[in-house]
Amino acid sequence: MAAIGGDEQSTPTMAESPNQPIVDTSIPFYMHTSDNPGIALVPVSFDGFDYHSWRRGVMRALSVKNKLSFINGDCKRPDPDSSSYQLWERCDDMVTSWILNSLAKEIADSVEYVTDAIELWKELEDRYDQTNGTKLYQIQKEINDLSQGALDITGHYTKMKRLWEELNTLIARSHCTCNCTCGARESMHKAEQDRRLIQFLIGLNETYIVVRGSILMKNPRPIIAQAFSLLIQEERQERN
């Protein structure tokens, strides 16, 4: 069968069986019968704000469809005379359409004439993937100022966890990726988890002062999920 540029991957194949053909769904060229150019990858179109959250949703959706290779450069454009060129172009046009459909109209209009999906993705990255001190400051300040207020335990935790994840996304490029064998990475991870546990507990209403104290007295300190479970039990007891 024909291959993706460089003969590294094969095109969709079908083998006859007694009942029905077997389709190879593991390759980027495979398209499900429900796939069409009108699909939006995320429920809320990107309007210029909260880019990293939108980006994460789009990448997750493309991963599910096995199409990430069209925006990260792994599935390269074949030579025009290659037998796989039309297959690649069909899939690339589909991915480009999906991303455009996931943008607000004014942003989509500004990138309408890009050549392919990877160019579109790079254009959006260059415009909106700006990690700067101001953004980091704003998120960290929101975390520091966050208090439970009228929220229940689940609502408070969810709001704080979303801010933590946004902060993680912003600083992801500075994370160490070396093969650490001295144990420093585990120690740093534990210290970060302890810091987040303290942040979470600080924001709780004074109603939970007793259970908060018992959590802090535990040795070793519990992970956030365990503290959350204890607080949920306390909340349920108060309601009863």
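Where is Ile-198 found? Ile-198 is found in helix 8; helices are DSSP runs (H or I, at least four residues), numbered from the N terminus. This is a predicted model, in which local features need pLDDT of at least 70, side-chain atom pairs count only at pLDDT 80 or more, and totals for chains, interfaces and linings use all residues. Residues are numbered from 1 along each chain as its sequence is written, and side-chain values use heavy atoms, with hydrogens and water left out.

**Helix 9**
- Helix 9 spans residues 209-217, and Val-211, Arg-212 and Ile-215 are buried in it (under 20% relative accessible area, 1.4 Å probe, protein chains only; exposed is over 50%, partly exposed in between).
- Seen down the axis of helix 9, these buried residues fall within an arc of 105°, so they line one face of the helix; the arc is that of the directions from the helix axis to the C-beta atoms.
- An α-helix has 3.6 residues a turn, so residues three or four places apart point the same way.
- Val-210 and Met-217 are exposed, on the face of helix 9 turned away from its buried side.
- Helix 8 (184-202) and helix 10 (224-239) are among the elements that cover the buried residues of helix 9.

**Ile-198**
- Ile-198 has a relative accessible area of 32%, so this residue is partly exposed.

**Asp-93**
- Asp-93 lies in helix 3, residues 85-101.
- Asp-93 counts as partly exposed because its relative accessibility is 41%.
- Phe-70 is 23 residues from Asp-93 along the chain, and their C-alpha atoms are separated by 9.9 Å.

Technical notes
Helix = DSSP H or I, 4+ residues; strand = E, 2+ residues; numbered from the N terminus. Contact = heavy atoms within 4.5 Å.
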